Amino acid sequence: MRTLAWLTAASLALCVAASPVSARVVRMETKVALEDQSEPSIRQALSEAFQTSVRGAIAMGFSRVWVDGARVLPDAVVLAMVATDEDDDADEARDQ
């Protein structure tokens with residue numbers, strides 16, 4: 001019985017130690033209403049969308065974000081961002 005318990009514990013330890021580390025990556029879009037089509041309104045809406053997206057990414061535990069695109073619609077601005085919790089070290093290792 002002890003041998004079975006030891007083998008089970010060893011197997012679980014190997015599974016935990018051998019599990020690959022994977023990063024989470026999400027693409028999110030934030031839509032903010034526009035008052036009008038003027039440049040100051042568009043800039044304000046983009047700023048608000050950016051701040052909202054970054055706050056959301058931080059709340060979800062992501063450490064890196066970047067802008068993936070933006071669209072100006074007749075009544076809103078849509079900002080697309082990508083967020084990840086991948087470390088910079090993983091990027092350097094992947095690029096080599």
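Helix 2, residues 39–59, lies across strand 1, strand 2 and strand 3, and runs at about 30° to strand 3. Please bear in mind throughout that this is a predicted model.

In what order do the strands of the open sheet follow one another? There are 3 strands, the order is 1-3-2, and the pairing is antiparallel. Strand 1, spanning 25–33, and strand 2 are the edge strands, each pairing on one side only. From one strand to the next, the twist averages 20°.

I shall take the two pairings in turn. Strand 1 and strand 3 are antiparallel and are paired over 9 bridges. Within strand 3, leucine 79 is the residue that stands opposite threonine 30.

How many bridges join strand 2 to strand 3? Between strand 2, residues 64–72, and strand 3, residues 76–84, there are 8 bridges, and these strands also run antiparallel. Valine 65 has alanine 83 of strand 3 as its bridge partner.

Finally, the aromatic rings. How many aromatic pairs does the structure hold? The number is 0. A charged residue does, however, lie over a ring: arginine 24 is placed over the face of phenylalanine 62, at 4.5 Å from the ring centre.

Thank you for your attention.

Terms used:
Residues numbered from 1 in each chain as written. Predicted model: local features only at pLDDT ≥ 70, side-chain atom pairs only at ≥ 80, totals over all residues. Heavy atoms only, no water. Phe/Tyr/Trp six-rings, centres within 6.5 Å; stacked < 30°, edge-to-face > 60°. Lys NZ or Arg CZ within 6 Å of the ring centre and 35° of its normal. Pairing = 2+ DSSP bridges. Helix = DSSP H or I, 4+ residues; strand = E, 2+ residues; numbered from the N terminus. Axes fitted to C-alpha atoms, helices over the stretch in contact; angles between N-to-C directions. Contact = heavy atoms within 4.5 Å.
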